[in-house]
Amino acid sequence: MQISSKKDPSVNSSKNWLKTLNWQERRKLERERKQQEEDELTLAKVEAPIPQSNIGFKLLKQMGYSPGSALGKQGSGRAEPVGIEIRRSRAGVGLEDPHKEKRKKEEIMMDRKRRKEEDLMKEFGSRQKSQWQSRRVIINYNKAKAALDQLENRVIVEPQKNDDVAEGEEEEEEEITEEDLHDVLMKLRDEFNYCLFCGCQYESNHALLANCPGTNEDDH
């Protein structure tokens, strides 16, 4: 049987990659590799059960301990040894691992960024709604004012239902408040029994109150 003399291409590529690094980077990689091997060896020794020849095991056995059972008179203590965590950082005991701390800070920053984006979206939606309401106030005010002028001349012309967007944009520059609109609407109702949103003039104030759902556009 012939043994192939060809080398694994992955090994060759790994060696070529190492050649591209400077001596400081190669030294760092070698140190990390040795630390990882040491950590694996240490954990393997710790996880191995204590032999029965151990002094501590003999003392526990004399006090009634049996392998696999929990400590304590009532058997309510620990059944397994306290676990260990190998720390290669220079952080003191009690401090979190720097990598975990970094990930935690990144998660906090991402959460803050997400909340900020949500607040901006809410603010944008609120601003859009406010602008739409302002346009509606101006459009309805102009309609109500035109209807009032025509009613005072004893001529009734019902306002059109379809709103012209361009007309609304031009009228948005006027300073008209909801109070101004409310005053004109109430004058139409009190003096002429006319509802802008119903689009008709009622025979009497009683008929207006009985058939009109309300004074606002939302009521209709």
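Start by selecting H6, which gives the most to the lining of the largest cavity, with three residues. Helices (H or I, at least four residues) and strands (E, at least two) are DSSP runs, numbered from the N terminus. Before you click on, note that this is a predicted model, where local features need pLDDT of at least 70, side-chain atom pairs count only at pLDDT 80 or more, and totals for chains, interfaces and linings use all residues. Residues are numbered from 1 along each chain as its sequence is written, and side-chain values use heavy atoms, with hydrogens and water left out.

Now show Leu185, Leu188, Arg189, Tyr194, Cys195, Leu196, Phe197 and Thr215: together they line the largest cavity. The space inside is about 40 Å³. On a 1 Å grid over the protein atoms alone, a cavity is a set of points where a 1.4 Å probe fits but cannot get out, while a pocket is an open set with protein on both sides within 12 Å along at least five of seven lines; lining residues have an atom within 4 Å of a point.

Stay on H6 (residues 178-192) and pick Asp183. Asp183 gathers with Glu178, Glu179 and Asp180 in a surface patch of negative charge (residues with over 30% relative accessible area and no salt bridge, like charges being joined within 9 Å).

Next stop, the largest pocket, with a volume of about 680 Å³. Of its 23 lining residues, select Ile50, Tyr65, Ala79, Glu80 and Pro81, which lie nearest its centre. H2 brings the largest share of the lining, four residues.

Finish at Asp111 and Arg114, which form a salt bridge (a side-chain nitrogen of Lys or Arg within 4 Å of a carboxyl oxygen of Asp or Glu) with the closest N and O atoms 2.5 Å apart. The two are about one helical turn apart because they sit three residues from each other in helix H4 (residues 98-152).

How values were computed. Patches are made of residues with over 30% relative accessible area and no salt bridge: like charges are joined within 9 Å, nonpolar side chains (Val, Leu, Ile, Met, Phe, Trp, Tyr) within 5 Å. Accessible areas come from the Shrake-Rupley method with a 1.4 Å probe; for residues, only the protein chains shown count as cover. Lys and Arg count as positive and Asp and Glu as negative; His and the chain ends are not counted. The place of a charge is taken as NZ of Lys, CZ of Arg, CG of Asp or CD of Glu. Grid points are joined across faces, edges and corners, and a volume is the space filled by probe spheres set on the points.
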